[in-house]
Amino acid sequence: MPPCRSSASSSPTRSRPSRRSTPPFAILLGGLTFVIATVGINIVANFISPAFDFSNVSPRRISWRAGGMIAAVGSVLLTPWNWYGNDQAILYTLGVLGALIGPLFGILIAGYYIVGKQRVAVDDMYSMDPSARYWYRKGFNPNAIWTLVTTGAVSVGSAVLPPALGVLPWLSTYSWFIGCGLGLVVFWALERRSPRMPALAADDPTVDDGAASGRA
């Protein structure tokens, strides 16, 4: 009878994989890539846009560089790191921001598609001449301002009050849609009652007709 072989002698020897530490250069390269990507995205998204926004408020007094400095200093004074430390604070912040953007979107949609009929005098949009067709009252359309104030108050209230009072808390989720719908309807109604936007002719060579471009 042949001798029995032990399982230990018959099984092949298994070598344990050696643990290799990540080289310091790879750690440094990964961290540097993350920092550059974060800074690059924030410059494009959170610096250039508000710089233009502040400059457009008063182009003669606020340059693009000054607008960027206002945005940079303001972002520090607002201490956003404290907001992210409180989940309720960031929730209310995003809710109020969306509630204010909704009426603006509704005004734009009503002004371009319903009131303006997709016709735009592009050159007049960038003119500081008081005789320009989009000068309105010192550069602002009163109907748009009133619409933003009234519908913005309603949409912000729908974003803040229901969770605070414990009444219909789900309503705050739809604050953007509430503001957008109200902004569209109220601006259209004010333009029908007291027109401010110019009536542009489709055959005017200075007018860009989006409807005609779409048909072509």
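1. Let's start at Phe177, which is exposed, with a relative accessible area of 54%. Here buried means under 20% relative accessible area, exposed over 50%, and partly exposed in between, using a 1.4 Å probe and protein chains only. Please keep in mind that this is a predicted model: local features need pLDDT of at least 70, side-chain atom pairs count only at pLDDT 80 or more, and totals for chains, interfaces and linings use all residues. Residues are numbered from 1 along each chain as its sequence is written, and side-chain values use heavy atoms, with hydrogens and water left out.

2. Now for the overall layout. The protein has nine helices and two strands, taken as DSSP runs numbered from the N terminus (helices are H or I, at least four residues; strands are E, at least two). Read from the N terminus, the order of elements is α-α-α-α-α-β-α-α-α-β-α. Of the 216 residues, 23% count as buried.

3. Next, the aromatic rings: how many aromatic pairs does the structure hold? There are eight. Rings of Phe, Tyr and Trp (its six-membered ring) pair if their centres lie within 6.5 Å; planes under 30 degrees apart count as stacked, over 60 as edge-to-face and the rest as tilted. The Phe47 and Trp64 rings form an edge-to-face pair, because their planes stand at 90°, with centres 6.1 Å apart. This pair links distant parts of the chain, since Phe47 belongs to helix α2 (residues 24-57) and Trp64 to helix α3 (residues 64-77), 17 residues apart. Phe47 is partly exposed at 27% relative accessible area, and Trp64 is partly exposed at 37%.

4. Back to Phe177 and its partner. Tyr174 and Phe177 make a tilted pair, 6.4 Å centre to centre with 50° between the planes. Tyr174 is partly exposed, with a relative accessible area of 43%. Both residues belong to a cluster linked by ring pairs, together with Phe105, Trp170 and Trp176.

5. Helix α7 (residues 142-165) and helix α8 (residues 175-193) meet at an angle of about 155°, with axes 9 Å apart. The axes are lines fitted to C-alpha atoms over the stretch in contact, and angles run from 0 to 180 degrees between N-to-C directions. That makes α7 roughly antiparallel to α8 (under 35 degrees counts as roughly parallel, over 145 as roughly antiparallel, 65 to 115 as roughly perpendicular and the rest as oblique).
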